[in-house]
Amino acid sequence: MHKKINFSGCCIFVAEIRATNRRIAPFSERGFKIMALTSKETEFCRQYAVLRNAREAAARAGYVFPEAAGLKLLCRPQINERIEAFSEHFRRSAEAADGLRRIAFGSVADAVKLILSPEVAAEADELDLFMISEIKLPKSGGIELKFFDRIKALEALGSVSDSVSENGAVPFINAIIEGAAAISDGKKSDGDEL
């Protein structure tokens, strides 16, 4: 038996299955049938999460008619759920990258203030001590600070940037590095003489 259900302007036909051993497709939280996304659809979701432009995302995903395909894909709940998942992943990766940048490139001026004048410790809430991993007060007096490793932060930042780079920034930086290495080695590029 089939029932017709009207859900926000879309007609959905729901089949009641009476047989106990028939396989039923899983349903999402919103009650829609979950279908596996193709690689092209997944690429569209990833691109849309970065660009927020349906036509451009569909074009980068390889659709022939990107404007129509982009609008049609955005009407599917599975696509929207995957876009939200990608957006959340990119947001978290960006937050991690921001923290790693603060560790790798941040100033130690506030930490030096803390070491040189202990009365500044009362105002510690106003100091930027993000890159300090440990603070000790030895019995002999004074203060001992341990900082996060900047080199490890840079390495981690590179790996986060490689996984998040959707706009081509890392390949561009790699091209610059390779070009600089070629110049320093005295190599010729595209028939040009150095």
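Mentor: A helix here is a DSSP run of H or I with at least four residues, and helices are numbered from the N terminus. The model under discussion is predicted.

Trainee: Is the pair of rings of Phe-44 and Tyr-48 stacked or edge-to-face?

Mentor: The count of aromatic pairs in the model is 2. For Phe-44 and Tyr-48 the ring centres lie 5.9 Å apart and the planes meet at 25 degrees. Planes under 30 degrees apart qualify as stacked. The pair is therefore stacked.

Trainee: Is Tyr-48 buried or exposed?

Mentor: The cut-off for a buried residue is under 20% relative accessible area. Tyr-48 has a relative accessible area of 15%, so Tyr-48 is buried.

Trainee: What is the angle between the planes of Phe-86 and Phe-90?

Mentor: Phe-86 and Phe-90 lie in helix H4, 4 residues apart, or about one turn of the helix. Phe-86 is buried at 18% relative accessibility, and Phe-90 is buried at 12%. Their rings form a stacked aromatic pair, 6.1 Å from centre to centre, with an angle between the planes of 20 degrees.

Trainee: Which residues touch the most other members of the largest nonpolar core?

Mentor: This core has 16 residues. A second, separate core has 7 residues, including Leu-100, Ile-103, Ala-153 and Leu-157. In the largest core, the residues touching the most other members are Phe-44, Cys-45, Tyr-48, Tyr-63, Ile-79 and Ile-83.

Trainee: What is the relative accessibility of Cys-45?

Mentor: Leaving aside residues up to four places away in sequence, Cys-45 touches Leu-37, Ile-79, Arg-82, Ile-83 and Phe-86. The structure holds 0 disulfides. Cys-75 counts as exposed at 64% relative accessibility, whereas Cys-45 counts as buried at 0%.

Trainee: Which residues does Gln-47 touch, not counting residues up to four places away in sequence?

Mentor: Gln-47 lies in helix H1, which spans residues 39-51. Gln-47 counts as buried, at 7% relative accessibility. Beyond the sequence neighbours up to four places away, Gln-47 touches Arg-52, Ala-57 and Arg-60.

Trainee: What is the phi of Arg-52?

Mentor: Arg-52 is placed in the loop between H1 and H2, and is partly exposed at 44% relative accessible area. Most residues other than glycine have a negative phi. Arg-52 is not a glycine, yet its phi is positive, at about 60 degrees.

Trainee: Which strands do the buried residues of H5 pack against?

Mentor: Helix H5 (residues 109-116) has Asp-110, Ala-111 and Leu-114 as its buried residues. They lie on the same side of H5, because they cover an arc of only 105 degrees around the axis. The buried residues of H5 pack against strand S3 (132-136) and strand S4 (144-147).

Trainee: How far from the ring centre of Phe-130 is the charged end of Arg-102?

Mentor: The model contains charges placed over rings, one of them being Lys-40, which lies over the face of Tyr-63 at 5.0 Å from the ring centre. The charged end of Arg-102 sits over the ring of Phe-130, and its distance from the centre is 4.0 Å.

Terms used
Residues numbered from 1 in each chain as written. Predicted model: local features only at pLDDT ≥ 70, side-chain atom pairs only at ≥ 80, totals over all residues. Heavy atoms only, no water. Helix = DSSP H or I, 4+ residues; strand = E, 2+ residues; numbered from the N terminus. Buried < 20%, exposed > 50% of the residue type's maximum accessible area, 1.4 Å probe, protein only. Contact = heavy atoms within 4.5 Å. Core = buried A, V, L, I, M, F, W, Y, C linked by side-chain atoms within 4.5 Å. Arc of directions from axis to C-beta. Disulfide = S-S within 2.5 Å. Phe/Tyr/Trp six-rings, centres within 6.5 Å; stacked < 30°, edge-to-face > 60°. Lys NZ or Arg CZ within 6 Å of the ring centre and 35° of its normal.
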